[in-house]
Amino acid sequence: MLSKLAGNRPVKDHLRKALREGRVPHSLIFTGPAGVGKRQFALQLAKSFVCGTLSQHQGCGECAACARVEQLSIPESSERFRDSFKRVFFSSHPDVASVVPYNRAIFVDAVRDLEREAFFRPYEARARFFVIDEADKMNDAAANALLKTLEEPSETSYIVLVTSRPDSLLSTIRSRCQIVRFAPVERDEVREHLVSRKVFTDADAQLAACLSGGSIGRALLFDIERYKAMRDHALAIIEKATTHRDIAGLLKEAEVLNDAKHKEDFEEMLGVIESLLRDVWLIALGVPAERAKNLDIADELSTLAAAADPRQLAAMMKEIDILRQNLVVNINRKMATDALLTQAFA
């Protein structure tokens, strides 16, 4: 049932009304930030068409038919299984299927397979239901193949396109679908979901929720211990810059960040530093520490904020943004990091 999903109450109300009135559009676009549950909402909607014991026009989520909807096996995106992605993947229920991208592309063959399957009558359910994951990865050929299906929809099939980048879809596709917009999930709802899944302690669930950006998917994958280790290092860097003005120490930190064994962590470390800087900057400007993303170390952040100049912190965040943009071109990363850790804090 929709009530079991976290967040996006307006979307739940909209879908409940559509189900209650029997007016669910045959073509939908679920769009919003990554990890907020768009695919899970689509599967819950699918259950409402296959469930044998409907509850308030929604799938019960407990019967055999509902359970089969989520039983889907997708192979790894390797050359060995490449051809498998040229068709739709059916779940254990013969009326619910997904189109999934192979690496960065959705094959036109998969969309043509969807077109063919969409015009078969349901085997068991009241309708057939298709989900296109990361629909923005359709190339022109795939998008045009889908457009043909949307122009001549089957009365017994429903198609949901799931995407975080709706503007990448053809305007003609967007115009033929009802767009349902998802928002980031509220921090407390993310925390409650993590606690209910028993994947984190209460304190770690709070931290993961604060740093998730409203994405349950991101929160579930969050490596707490790795983040805390990187955060301790980032705090030491910020303290050297704001409290001690230790230029020599900052240059040593730049060497550490650019060491070959830390190469893969470089951009992630920039993100951790930026997250801490933003918290310290906001507290320095008078925002209550309780609103910090790194809420579990609010006292340390407040201490740093008391000794910091907000203009200095803002300059550092600007330098990080510039460095991120320059990473896509061939720059001398060592020199750029030296400049980041010294000039902005000079």
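The following dialogue covers a helix pair and a strand in a predicted model.

Visitor: What makes H1 roughly parallel to H2?
Guide: Helix H1 (residues 9–21) and helix H2 (residues 38–50) pack at an angle of about 20°, with axes 12 Å apart. Angles under 35 degrees count as roughly parallel, so H1 is roughly parallel to H2. Axes are lines fitted to C-alpha atoms over the stretch in contact, and angles run from 0 to 180 degrees between N-to-C directions.

Visitor: Which residues of H1 and H2 meet?
Guide: Val11, Lys12, Leu15 and Leu19 in H1 meet Phe41, Leu45, Ser48 and Phe49 in H2, where contact means heavy atoms within 4.5 Å.

Visitor: Why is strand E1 called largely enclosed by the rest of the structure?
Guide: Five of the five residues of E1 (residues 27–31) are buried, so E1 is largely enclosed. Buried means under 20% relative accessible area, with a 1.4 Å probe and protein chains only. Ser27, Ile29 and Thr31 point one way, Leu28 and Phe30 the other.

Visitor: How do you know that E1 pairs with strand E5 (residues 157–163)?
Guide: Pairing requires at least two DSSP bridges, and five bridges join E1 to E5, which run parallel. Isoleucine 29 stands opposite leucine 161 in E5 and also opposite isoleucine 179 in E6.

Visitor: What conventions apply?
Guide: Residues are numbered from 1 along each chain as its sequence is written. Local features need pLDDT of at least 70, side-chain atom pairs count only at pLDDT 80 or more, totals for chains, interfaces and linings use all residues, and side-chain values use heavy atoms, leaving out hydrogens and water.

Terms used: Helices (H or I, at least four residues) and strands (E, at least two) are DSSP runs, numbered from the N terminus. Angles under 35 degrees count as roughly parallel, over 145 as roughly antiparallel, 65 to 115 as roughly perpendicular and the rest as oblique. Buried means under 20% relative accessible area, exposed over 50%, partly exposed in between (1.4 Å probe, protein chains only).
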